[in-house]
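Colleague: I'm new to this one and would like a close look at a single spot in it. Could you pick a residue, start there, and then walk me outwards into the rest?

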Amino acid sequence: MYRFKFTKAVSTIPGWAVVAADAGGWDMTIISPFELGYGVQLLLHIYSEDGLSFKLTDSGRAACYVTHRDLVLTEELIHELNNTHGIKYAQVDNSGEIIAKHRDLNLLHKAVEDAAKLALAMVFKCPVSIIERNKNETR
């Protein structure tokens with residue numbers, strides 16, 4: 001019963017698509033409906049041990065993407081990202097990984113939204129000169 005609730009909660013996140021799921025239904029990977037840039041989409045891995053709670057991670061993918069775009073994720077920047085107004089259900093850890101852990105499965109959609117906001121906030125912090133240079137390289 002709880003497995004169905006978890007699977008339904010993950011598969012009904014508006015706009016996101018499930019791209020991988022284990023046979024038991026306790027681990028799922030979803031892909032964002034938007035790009036971080038240059039064809040790169042946000043992937044989130046969501047898993048549950050009991051079907052009522054969940055853990056979410058991007059496995060550091062957003063941090064790797066912005067680091068490639070010359071953004072340095074300093075302790076101060078991570079603190080700033082984690083204190084962004086309106087973001088309560090996900091956070092960036094010291095390694096740059098976006099994570100969320102909640103005992104209430106009803107918070108899953110909010111955690112996914114906040115994880116997406118954090119990833120986009122990282123992208124928006126990328127140096128403009130790098131973004132402009134990369135746009136010109138692709139033309």
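Modeller: Let's start with Q41, which counts as partly exposed because its relative accessibility is 32%. On that scale, buried means under 20% relative accessible area, exposed means over 50%, and partly exposed is what lies in between, using a 1.4 Å probe and protein chains only. Before going on, a word on the source: this is a predicted model, where local features need pLDDT of at least 70, side-chain atom pairs count only at pLDDT 80 or more, and totals for chains, interfaces and linings use all residues. Residues are numbered from 1 along each chain as its sequence is written, and side-chain values use heavy atoms, with hydrogens and water left out.

Back to our residue. Q41 sits in strand β3; strands here are DSSP runs of E with at least two residues, helices are runs of H or I with at least four, and both are numbered from the N terminus. Which residues does Q41 touch, once its neighbours within four places in sequence are left aside? They are I31, S32, P33, F34, E35 and L36, where contact means heavy atoms within 4.5 Å. For I31, ten residues from Q41 along the chain, the C-alpha separation is 6.6 Å.

Rings of Phe, Tyr and Trp (its six-membered ring) pair if their centres lie within 6.5 Å; planes under 30 degrees apart count as stacked, over 60 as edge-to-face, and the rest as tilted. W16 is buried, at 12% relative accessibility, whereas F34 is partly exposed at 22%.

How many aromatic pairs does this rule give? The count is two. The other one joins F6 of helix α1 to W26, in the loop between β1 and β2, across 20 residues of chain. With centres 6.5 Å apart and planes at 25°, F6 and W26 are stacked. F6 is buried, at 0% relative accessibility.

Now for the inside. The largest nonpolar core holds 41 residues, and I46, F54, L73, L108 and V112 touch the most other members. A nonpolar core is a set of buried Ala, Val, Leu, Ile, Met, Phe, Trp, Tyr and Cys residues joined through side-chain atoms within 4.5 Å. The top contributor is α4, with ten residues. Take L108: apart from neighbours within four places in sequence, L108 contacts A9, V10, I13, I46 and F54. In soluble globular proteins, nonpolar side chains tend to be buried together.

Helix α4 has another side to it. K110 is found in α4 and is partly exposed, at 41% relative accessibility. Between K110 and I13 there are 97 residues of sequence, yet their C-alpha atoms are 9.6 Å apart.

Helix α4 (residues 108–124) also packs with helix α2 (residues 61–68), at an angle of about 10° and with the axes 9 Å apart. The axes are lines fitted to C-alpha atoms, for helices over the stretch in contact, and the angles run from 0 to 180 degrees between N-to-C directions. These two helices are therefore roughly parallel, a label for angles under 35 degrees; over 145 is roughly antiparallel, 65 to 115 roughly perpendicular, and the rest oblique. The contact involves A62, A63, Y65 and V66 from α2, and A119, M122 and V123 from α4.

S59, in the loop between β4 and α2, has a phi near 55°, a positive value in a residue other than glycine. D70, in the loop between α2 and α3, is not a glycine either, and its phi is about 75°. Both are partly exposed, S59 at 45% and D70 at 42%.

Stepping back, the protein has five helices and six strands. Of its 139 residues, 41% are buried.
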